[in-house]
Amino acid sequence: MTPGPPDSKYCADGGVYYTYNFWEKPNGGGGVGWPYGADKLNSSAGIELKWITEASAKSYRAMKAIGQDPFKFNQTTGTTQFLATAFTVGERDLDLSEYAGRFPGSWTLPVCDASTWGKKWNWDYTGEKNDIRESVSTHPPCLCGPKGLETYDWAKAAGLSGFKTFWHRCNTALRRKDIGFEWPEGVTFVDYPADTGNKDFKVYKP
């Protein structure tokens, strides 16, 4: 993944995760920014942004590990893992009040797994809090999961079906050959859920 809000960063199993906030404007502009309101969540409830990223990443990986839909988290799985850790580690070595905000299922934001091939293909976040990156040279995560097969479900789970900026940039960028991106081997098209009032569509490799 390309850089994201530093206070949302979480690393595990060779991956780096960030939490972003997508912005849309009436004229079709918009972009990605620091998650609005996360500072209030921290000051009022003591919940850190990186915990949200961590819990969401764990939720995604937990469902993948047992062959279930990673965008429809099973709370029983999360509760089981939390209790197992609590009883195994014990209070002397684990702050349960903190861990309660970090275990799988406490947060389940949709995760786009861009793997290593997505490094040049995701939002180039270089701003500060509430900064919106609007340059058309920055690309949203237009392919998610192995061979891009999770893109459709991720976009729907993330509420991006009506995000015109997202679809416009992906529809355009996926067809360009001058941005240094190489399609993953074996991937010739990617499915997207419909924009508002339209039908689902595919974007084919040029």
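Student: In this predicted model, where is Thr 53 found?

Tutor: Thr 53 is found in helix α2.

Student: Why is Thr 53 called buried?

Tutor: Its relative accessible area is 3%. Buried means under 20%. Thr 53 is therefore buried.

Student: What makes the pairing of Thr 53 and Thr 19 a polar contact?

Tutor: The side chains of Thr 53 and Thr 19 are joined at 2.6 Å. The cut-off is a pair of N or O atoms within 3.5 Å. The value of 2.6 Å for Thr 53 and Thr 19 meets it.

Student: Which residues is Thr 53 in contact with, leaving aside neighbours within four places in sequence?

Tutor: Ser 8, Tyr 10, Tyr 17, Tyr 18 and Thr 19. Contact here means heavy atoms within 4.5 Å.

Student: Now Ser 59. Where is Ser 59 found?

Tutor: Also in helix α2, which spans residues 49-65.

Student: How do you know whether Ser 59 is buried or exposed?

Tutor: Compare its relative accessible area, 2%, with the cut-offs. Exposed is over 50%, and buried is under 20%. So Ser 59 is buried.

Student: What does the side chain of Ser 59 reach?

Tutor: The backbone nitrogen of Gly 105, at 2.8 Å. Beyond residues up to four places away in sequence, Ser 59 touches Phe 73, Pro 104, Gly 105, Trp 107 and Thr 108.

Student: How many helices and strands are in the protein?

Tutor: There are 6 helices and 6 strands. Along the sequence they follow β-β-β-β-α-α-α-α-α-α-β-β.

Student: What share of the protein is buried?

Tutor: Buried residues make up 42% of the 206 residues.

Methods. Residues are numbered from 1 along each chain as its sequence is written. This is a predicted model: local features need pLDDT of at least 70, side-chain atom pairs count only at pLDDT 80 or more; totals for chains, interfaces and linings use all residues. Side-chain values use heavy atoms; hydrogens and water are left out. Helices (H or I, at least four residues) and strands (E, at least two) are DSSP runs, numbered from the N terminus. Buried means under 20% relative accessible area, exposed over 50%, partly exposed in between (1.4 Å probe, protein chains only). A polar contact is a pair of N or O atoms within 3.5 Å; within protein, one must be able to donate a hydrogen and the other to accept it, and residues adjacent in sequence count only if both atoms are side-chain atoms.
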